[in-house]
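Hi there,

Here is the structure I promised to pass on to you. Please have a look at it first, and then read my notes below.

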Amino acid sequence: MHDDTARLTASGLVCDRGERRVFAGVEVRVGRGEVLAVVGPNGAGKSSLLRLLAGLLPPAAGTVAWEGQPVTDDPDAHRARLHYVGHLDALKPALTPAETLRFQAELHGQSLSPAAITDALETFGLAALAHLPARFLSQGQRRRAALARLVATSAPLWLLDEPTLGLDADSVARLEHALERHRGAGGLAVVATHGGLDLGAHATLDLGAGAS
Amino acid sequence: MNAVAAMLRRDLRLAWRSPGDSANVVLFFVLGVVLFPFGVGPGAEILARISVGVIWVMALLAALLSLDRLFREDAEDGSLDLLALSPAPLEFLVLGKVLAHWLVTGIPLIVASPLLALFMQLPAAAYPVLLLALLLGTPTLSLIGAIGAGLTLGTRRGGVLVALLVLPLYIPVLIFGVSAVEAATAGLAVRPHLLLLGGLLALFVPLSPIATAAALRQALH
């Protein structure tokens, strides 16, 4: 079943939350430079699907594979190749965006120069606020600081859960630009969205249509 | 190992930016011990008799007080997702967090203890052993506490549950910690007691990160 054009594949994914079956039989194929948009009504399991693909949540059935290899064979390598941006911004109120980025890069085994941190923040127009504790940032600014880690360290797979939440038009354009560059470099992205973001998606997975 | 250092630096920086959290733990420890002379009377003899036990029990309770926060804030702001998704093993990150927890809560307790020992009329000969026993025992308190904090992360009333889970596990530390100081007061050999405290520490340094990381992964499901 191995297919050179698809790097991230998932087949027969089943997700149960508590007693409830959220979705079943979900298939995912994303190749180099491709973006998969995940749509569906609230509760259709968009966030759960992203957590399954990240390996945060074990599927009730089915497998997630990278270049044909199940990711459970080498979970450390899978975590090293992905960036996950969930609903929560993972910023500490007492830490500045620059400090948070440096720490997150260290977790990926990289030490960032101050210039690299400023560049990453500037991608989302935040360089001026790099040294302001996150508790003084607005919701949109916090979101942009969270997104900055996508470009601070490179990873081939981006998993974005409604990344535009709280973003203004300018920031959405910056995110689209960052996604464009990521795709240009052969990166993959799976993005859960309610619209409002021009993903240039190669495919759309509608969780609402498949389930029940 | 870089991940341990990175985690340690982040948590120390956070503690440094909000020193109140750490100060509260020490104040609780000091106030709790200070209540005893009011409760049992200021007689030097009875205070000296109960001093070691009171200091150790209050150290356990003070360590417990700060545990609920250990992973809860990271879970609530999404940082825990990122820690679990870091290529570095979660066990190492837990070890970094526990080390930071001990440095910001355990060390201040140790520093405050001679003053309390003086207040509680502990014989002067026992001071070095008290400090040594606390130095060996308090890291174990943080390590055991992390398991409890990890296990109760998914529950709503974490605080009480942590106490119920963790306090029974603290008993060996309490027993050997107290017996070391009492041996010193009585002029007996303290080495066996300290070795047992060191043994507990050596047991939990690997055990706690493994158990805590497993509990955290479960909580993220």
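**A buried alanine, and what else turned up**

Ala90(A) counts as buried, because 22 C-beta neighbours fall inside 10 Å, and the cut-off for that label is 20 or more. Please keep in mind as you read that this is a predicted model. Ala90(A) sits in the loop that runs between β6 (82–85) and α3 of chain A. Its backbone is worth a look too: although Ala90(A) is not a glycine, its phi is positive, at about 55 degrees.

Glu162(A) belongs to the loop between β7 (157–161) and α6 (169–184) of chain A. Phi of Glu162(A) is positive as well, near 45 degrees, and this residue is likewise something other than glycine. Is Glu162(A) buried or exposed? With 20 other C-beta atoms within 10 Å, Glu162(A) is buried.

Now to the place where the two chains meet. On one side, 21 residues of chain A are in contact with 20 residues of chain B. Which elements of chain A give two or more residues to the side that touches chain B? They are α2 (75–80) and α3 (97–107). The largest share of that side, four residues, comes from α3(A). Sorted by class, the side of chain A that touches chain B has twelve nonpolar residues, along with five charged and four polar ones.

If you open the model, you could begin with Ala90(A) in its loop between β6 and α3 of chain A, then go on to α3(A), with its four residues on the side that touches chain B.

Best wishes

Key: Residues are numbered from 1 along each chain as its sequence is written. Chains are lettered from A and ligands numbered from 1 in the order in which they are written. This is a predicted model: local features need pLDDT of at least 70, side-chain atom pairs count only at pLDDT 80 or more; totals for chains, interfaces and linings use all residues. Two residues are in contact if their C-beta atoms, placed from the backbone, lie within 7 Å. Ala, Val, Leu, Ile, Met, Phe, Trp, Tyr, Cys and Pro count as nonpolar, Asp, Glu, Lys and Arg as charged, and the others, Gly among them, as polar. A residue is buried if 20 or more other C-beta atoms lie within 10 Å of its own, exposed if 12 or fewer, and partly exposed in between; C-beta atoms are placed from the backbone.
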